[in-house]
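Here is a short report on one model.

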Amino acid sequence: MRLRGTFILGLALACASAAAQDPGGKPFAAGQIGKGAALYETHCQTCHGPRLANPEWAKDLRKFPREDHARFVDTVTYGVRNMPPWADVLEPDDIEALWAYVVAGEGKK
Ligand code: HEC
């Protein structure tokens with residue numbers, strides 16, 4: 001029960017920070033992209049490719065639509081088909097950091 005409450009709170013926070021990232025909104029916090037890069041290396045690159053490049057068999061995240069923050073959070077949290085869910089592993093903050101890495105870090109180059 002406690003976990004569930006934390007999760008719902010996390011979702012609310014994720015939504016709040018989504019608003020902050022709308023065009024013209026706050027830039028990503030310092031350190032967020034770096035944190036996302038480390039998380040990506042640990043959890044995502046086996047399928048999505050080192051530094052987002054040449055994904056072996058998962059989707060190319062460099063092509064992920066930049067305006068679709070909600071879809072990113074949903075997919076990463078709950079998974080879809082062969083994409084595993086990460087709700088048990090990652091905190092909402094971690095998913096935000098991954099988003100920062102994908103849209104403003106590696107994915108921007
Ligand atoms: C076991 C392999 C695997 C791992 C590990 C993995 N993914 Fe995926 N991911 C996939 C596959 C396969 C898909 C395509 C799912 C589909 O649409 O059928 C996918 C899809 C996605 C999508 C949706 C793309 C779209 O166009 O909607 C996002 C976002 C994503 N992954 C992010 C991540 C992140 C962030 C991590 C690390 C926390 C991660 N993935 C780890 C296999 C993986």
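Which element gives the most to the shell around the ligand? It is α4, with four residues. The model is predicted: local features need pLDDT of at least 70, side-chain atom pairs count only at pLDDT 80 or more, and totals for chains, interfaces and linings use all residues. Residues are numbered from 1 along each chain as its sequence is written.

**Ligand shell**

The shell around the ligand holds 20 residues, and C44, C47, A58, R81 and M83 come nearest. A residue is near a molecule if its C-beta atom, placed from the backbone, lies within 6 Å of it. Two elements give two or more residues to this shell: α3 (45-48) and α4 (69-78). Helices here are DSSP runs of H or I with at least four residues, strands are runs of E with at least two, and both are numbered from the N terminus.

**Fold**

The chain has five helices and zero strands. Its pattern along the sequence is α-α-α-α-α. Of its 109 residues, 25% count as buried, meaning that 20 or more other C-beta atoms lie within 10 Å of the residue's own.

**Core**

The largest nonpolar core has 17 residues. Such a core is a set of buried Ala, Val, Leu, Ile, Met, Phe, Trp, Tyr and Cys residues joined through C-beta atoms within 7 Å. L98, W99, A100, Y101 and V102 have the most contacts inside this core. The elements giving it two or more residues are α2 (32-43), α4 and α5 (92-104). Its largest share, eight residues, comes from α5.

Beyond its neighbours within four places in sequence, L98 is in contact with G36, L39, Y40 and V76. Contact means C-beta atoms, placed from the backbone, within 7 Å.

**Helix pair**

How do α2 and α5 cross? Their axes come within 7 Å and cross at roughly 100°. Axes are lines fitted to C-alpha atoms over the stretch in contact, with angles from 0 to 180 degrees between N-to-C directions. The two helices are therefore roughly perpendicular, a term for angles of 65 to 115 degrees. Residues making the contact include G36, L39 and Y40 of α2 and L98, A100 and Y101 of α5.

Technical notes: Buried ≥ 20, exposed ≤ 12 C-beta atoms within 10 Å, placed from the backbone. Contact = placed C-beta atoms within 7 Å. Parallel < 35°, antiparallel > 145°, perpendicular 65-115°, else oblique.
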